[in-house]
Amino acid sequence: TEMSSKVKVISFVGRGNIGKSVSVEMIGRYLAGQGKKVIIIDMDTQAGTTGRLGTGWNQLHIGHVLTGQAGLFEAMRGVQGSEMVLVGSSPDLDEFKAAAITDPFRLRRLLAELGDCYVLIDTPGSADEFAQIAVLASNLVVGATDCNLDSLARATAMAKLVNEASQAGTDVLFYGYLVTKVTERSSLHRDALATITGNGTVIGLIKEDNSKRRATYFRKAYADLTAKHFADWIRL
């Protein structure tokens, strides 16, 4: 299915607990603040994004959409304090996996029918069927990793999956790595960062920040990242 040039779909892939959900949310908030229509899709079985954005569990979610039990618009919910909308996940999402993978391009077809908007997909921490469906629905994929070589290995494996999908004819591009939780605490940490940087294109470094100004820092860091690295592609 050909994706409309007006629909921009970015999936964020990589292992869990490295900041994928925060990246999706912050970039989404920046785009929404620029007056863009933003749809966040939570395909992570941990459902962290759904829980944090406060839409609750007892409703239609992405599992129902992927299995044809609900339409995409039926599963959309507004995000409080933002113009974004969310298609949430659920702790029981794994129960929908077997049925969802029988039609791995369903999400791509649904997204292709949307108008001018930006779709950001938060994927599972494992390269499972939901992650593969997200990649097949995207036209841009970002590998998220912290300064841990196991994290890089997971992101690199997803990059390989994206490249294989591209070679098979799917209109999808692996854009590069977003490195989160960056610090200079040790030489080992710095060596890992050098290895990551040498492994492929690094589109952004998000430093670790546990101060009281953490939220302010993240808003600025991701705004700078979006303006610098995504602006040409999404044509802000």
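## An eight-stranded open sheet

In this predicted model, 8 strands build an open sheet of mixed pairing, ordered β3-β4-β2-β5-β1-β6-β7-β8. Two strands count as paired if DSSP finds at least two bridges between them, and strands are DSSP runs of E with at least two residues, helices runs of H or I with at least four, numbered from the N terminus. At the edges sit β3 (76-78) and β8, each pairing on one side only. From one strand to the next, the twist averages 25°.

Let us look at some parallel pairs:

| Strand pair | Bridges | Source |
|---|---|---|
| β1 (residues 7-13) and β5 (residues 117-122) | 6 bridges | DSSP |
| β6 (residues 140-145) and β7 | 6 bridges | DSSP |
| β7 and β8 (residues 202-207) | 4 bridges | DSSP |

Strand β7 (residues 173-182) is largely enclosed by the rest of the structure, because 7 of its 10 residues are buried (under 20% relative accessible area, 1.4 Å probe, protein chains only). From β6, the chain reaches β7 through helix α7 (residues 149-167) in a right-handed β-α-β crossover (clockwise from the first strand over the helix to the second, with the strands pointing away from the viewer). V142 has G176 of β7 as its bridge partner, while V179 stands opposite L205 in β8.

Now to the helices. Helix α1 (residues 20-33) lies across β1, β2 (38-42), β5, β6 and β7, at about 170° to β5. Helix α6 (residues 129-137) lies across β1, β5 and β6, at about 150° to β1. Angles run from 0 to 180 degrees between N-to-C directions of axes fitted to C-alpha atoms, for helices over the stretch in contact (heavy atoms within 4.5 Å).

Residues are numbered from 1 along each chain as its sequence is written. Local features need pLDDT of at least 70, side-chain atom pairs count only at pLDDT 80 or more, totals for chains, interfaces and linings use all residues, and side-chain values use heavy atoms, leaving out hydrogens and water.

Definitions and conventions. Buried means under 20% relative accessible area, exposed over 50%, partly exposed in between (1.4 Å probe, protein chains only).
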